[in-house]
Amino acid sequence: MSSSFDLIIKNGKCFIDGQLKKADIGISNGTVKSIGNIEISNQKILDATNLIILPGIIDTQVHFREPGSTDVEDLESGSKAAVMGGVTSVFEMPNTNPPTTNFEEFDKKIKLGQGMFCNHAF
């Protein structure tokens, strides 16, 4: 464990090993360095008592519209908007043409998105 952190989030609840447990989170240089009981003092402490700590927002209803209606939104524009808003996980609605409702269409969707952001800056 590091001897100091840029930020310690104290007394929050996190999902650890599939269970919601009270834990502290130590962060240095924007990276989580420790999860557990942190007993050191720190200049910057955020009290998260009675709060659940998640790594980012989970949007359970996105409409990327690809394939079939990319004039409205596509994988790239929707993904970039999600990331800029702090979204780390999405559940896409199958309102595409054809609908993404089987493995074949899902596999096509994965291939559309592979490598999409390798050469892009946000």
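A salt bridge is a side-chain nitrogen of Lys or Arg within 4 Å of a carboxyl oxygen of Asp or Glu. This is a predicted model, in which local features need pLDDT of at least 70, side-chain atom pairs count only at pLDDT 80 or more, and totals for chains, interfaces and linings use all residues. Residues are numbered from 1 along each chain as its sequence is written, and side-chain values use heavy atoms, with hydrogens and water left out.

**View 1. The salt bridge between K111 and D107 in helix α2.** The side chains of K111 and D107 meet at 2.8 Å, N to O. These residues are 4 residues apart in helix α2 (residues 103–113), about one helical turn; helices are DSSP runs of H or I with at least four residues, strands are runs of E with at least two, and both are numbered from the N terminus. K111 is exposed, at 53% relative accessible area, whereas D107 is partly exposed, at 26%. Here buried means under 20% relative accessible area, exposed over 50%, and partly exposed in between (1.4 Å probe, protein chains only).

**View 2. The salt bridge between K80 and E76 in helix α1.** The closest N and O atoms of this pair are 3.2 Å apart. Both residues belong to helix α1 (residues 75–84). K80, at 24%, is partly exposed, and E76, at 26%, is partly exposed.

**View 3. The salt bridge between K10 and D24.** An N to O distance of 2.9 Å joins these side chains. The pair links distant parts of the chain, with K10 in strand β1 (residues 7–16) and D24 in strand β2 (residues 19–28), 14 residues apart. K10 is buried at 16% relative accessible area, and D24 is buried at 4%.
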